[in-house]
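Please look over the sequence and the structure before reading on.

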Amino acid sequence: MARAQSADQTVGAASLYTEHCAACHGAQRTGGMGPALLPESLTRLRSAEALKVIAQGRVATQMPGFADKLSKEQIAALAAFVRTPVLPAPEWADADIRASREFHPAPPNEPAKPVWDADPMNLFVVVEGGDHHVSLVDGDKFEVITRFASRYALHGGPKFTPDGRYVFFGSRDGWITKYDLWRLRVVAEVRAGFNMRNVAVSGDGKWVMAANYFPHTLALFDADLNLKQTYAAATLDGKTTSRVSAVYDAEPRQSFVVALKDIPELWEISYNPKAQPIFDGYVHDYKMGEGIAKSGFLGVRRTPLEQPLDDFFFDQSYANVLGATRGEEGSKADGASAQVVNLDARSKIAELPIAGMPHLGSGITFAWNGSTVLASPNLKDGAIDVIDMKTWKTVATIPTPGPGFFMRSHENTRFAWTDSMMSPTARDTLTIIDKSTLKTVAEVKEPGKTLAHIEFTKDGKYALASVWEMDGALVIYDATTFKEVKRLPMSKPVGKYNVWNKITRSEGTSH
């Protein structure tokens, strides 16, 4: 009886979806005018928030509320239904990717210069998650130049071309958007998959790589988002596939580096046309050319690991990847850990002595006592671990009010800022640390709200933080006195990204 009732409820919810949702979200829930409604796409949407969205809609979007049309029971059934798998699983092939692309060429004889008067290297791109918009902010005057609608749930941070003119956004439901910051318009869009982790742009600006959770693929595009190649995120024998945790550009190596969520491998894909050939099997002497080689250009060079990496970043040489693992419950690898993987040796060379759940993707590096250190926030513990990058030993553990997600600094400031946004009691606090003494020197607060994600101006004189609320704000602080200078009202500004700091790969920001 219970099974029959559950089946009846599912059928009822499917009918409700077809009647009220399919026109915008697609018959297979793969998205259309609205975002994809697949379990893989909704992992960060809390159950209570899903009910609220269906009942009340989303402000400043085309999503209406259904509280006046559907009962509470029907809304609950719909919320549960969109979290069930689509069977058979939808497919997204190369032909689908190519068919999704839209390109908007520039008008003839258009001048190649900005339509606004500001320093193009000191702009901030601010992602507002509350109503899915992006604001472009002048980093000198702290004024909004323009504000435009984005795709649903941008994720992984926007990436810029080397000249700072174009920015690429990746959305949670698989869309890549190329936007012209000078002329303030969308240049091209394409859908790489149904659920996308992030995008990376090559150091020469010629390539864009998308990391998908679903389907289990990487997709490579040229700068105008023409699909060039897809890669199955799979073991060499093709028997096991994986979600892709992250892809980042390693500009000094002329390559993309890729972490896989479900396979213990780290990939490097070179965009250097003269890249050395790849030997996947055992070779007696690679200099003699034994074995069967694959082209090194755009080929996959695999580094075997003991555990998959969840996120990572690079040391200054880009020879080493510093990665975090999450472990599998009940397995020998239970619990999180951190490690150093050398891309030249293609092996792990050190364990990082970091407890809890390090968020290395948001770590920073800086000079200290004649060495270079890594400082990483922790998603589980209220502490910043500081590691000497010569010895890979801990030099300090700095207590914070609670676990945090982001840490940022700048070459021209002696201070590093970190949040405690994962803490139920200290999410309103930013902790400021002196990089020379490794001691906390100050805190700034936004009582009762979430204060997170610092980014600095081009010169490092000002630090910008997000009041991470629907009725939030961008708060500008003097980076020396820590006093508030100005604030701009915004709708949940989840992240802000300075053009200069990103394209110059500032040691204090994520890459």
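## Basis and confidence

The structure is a predicted model, in which local features need pLDDT of at least 70 and side-chain atom pairs count only at pLDDT 80 or more, whereas totals for chains, interfaces and linings use all residues. Residues are numbered from 1 along each chain as its sequence is written, and side-chain values use heavy atoms, with hydrogens and water left out.

The predictor's confidence in each residue is called pLDDT and runs from 0 to 100. For this protein the mean pLDDT is 90, with 92% of residues at 70 or more. Residues 1-5 have pLDDT under 50 and zero contacts beyond four places in sequence, a contact being heavy atoms within 4.5 Å. The stretch 328-334 is also below 50 in pLDDT, and it has five contacts in the model beyond near neighbours in sequence.

## An open sheet of four strands

Helices (H or I, at least four residues) and strands (E, at least two) are DSSP runs numbered from the N terminus. Strands of a sheet pair through backbone hydrogen bonds, either parallel or antiparallel. Here, four strands form an open sheet in the order β4-β3-β2-β35, with antiparallel pairing; two strands count as paired if DSSP finds at least two bridges between them. Strands β4 (143-149) and β35 (493-498) each have a single partner, so one side of each lacks a neighbour in the sheet.

Within this sheet, β2 (residues 123-128) and β3 (residues 133-138) are joined by six bridges. Val127 has Val134 in β3 as its bridge partner.

## Helix α3

Which residues of helix α3 (residues 47-56) are buried? They are Ala50, Val53, Ile54 and Ala55, where buried means under 20% relative accessible area, exposed over 50%, and partly exposed in between (1.4 Å probe, protein chains only). The buried residues of α3 pack against α4 (72-81). After α3 comes Gly57, with a positive phi near 80 degrees.

## The buried residue Asp249

Asp249 belongs to strand β13 (residues 244-250). Its relative accessible area is 3%, so Asp249 counts as buried.

The side chain of Asp249 makes a polar contact of 2.5 Å with that of Arg505. Such a contact is a pair of N or O atoms within 3.5 Å; within protein, one must be able to donate a hydrogen and the other to accept it, and residues adjacent in sequence count only if both atoms are side-chain atoms. A polar atom of the Asp249 side chain also lies 3.5 Å from the backbone nitrogen of Glu251. Beyond four places in sequence, the contacts of Asp249 include Ser202, Tyr271 and Phe314.

## Salt bridges

A salt bridge is a side-chain nitrogen of Lys or Arg within 4 Å of a carboxyl oxygen of Asp or Glu. By this rule there are 23 salt bridges. One of them joins Asp131 and Arg147 at 2.8 Å, N to O. Asp131 lies in the loop between β2 and β3 and Arg147 in strand β4, 16 residues apart. Asp131 is buried at 10% relative accessibility, while Arg147 is partly exposed at 38%.

Another salt bridge links Asp344 and Arg253, whose closest N and O atoms are 3.0 Å apart. Asp344 is in the loop between β21 (337-342) and β22 (347-352), and Arg253 in the loop between β13 and β14 (255-260), so the pair ties together parts 91 residues apart in sequence. Asp344 is exposed, at 54% relative accessibility.
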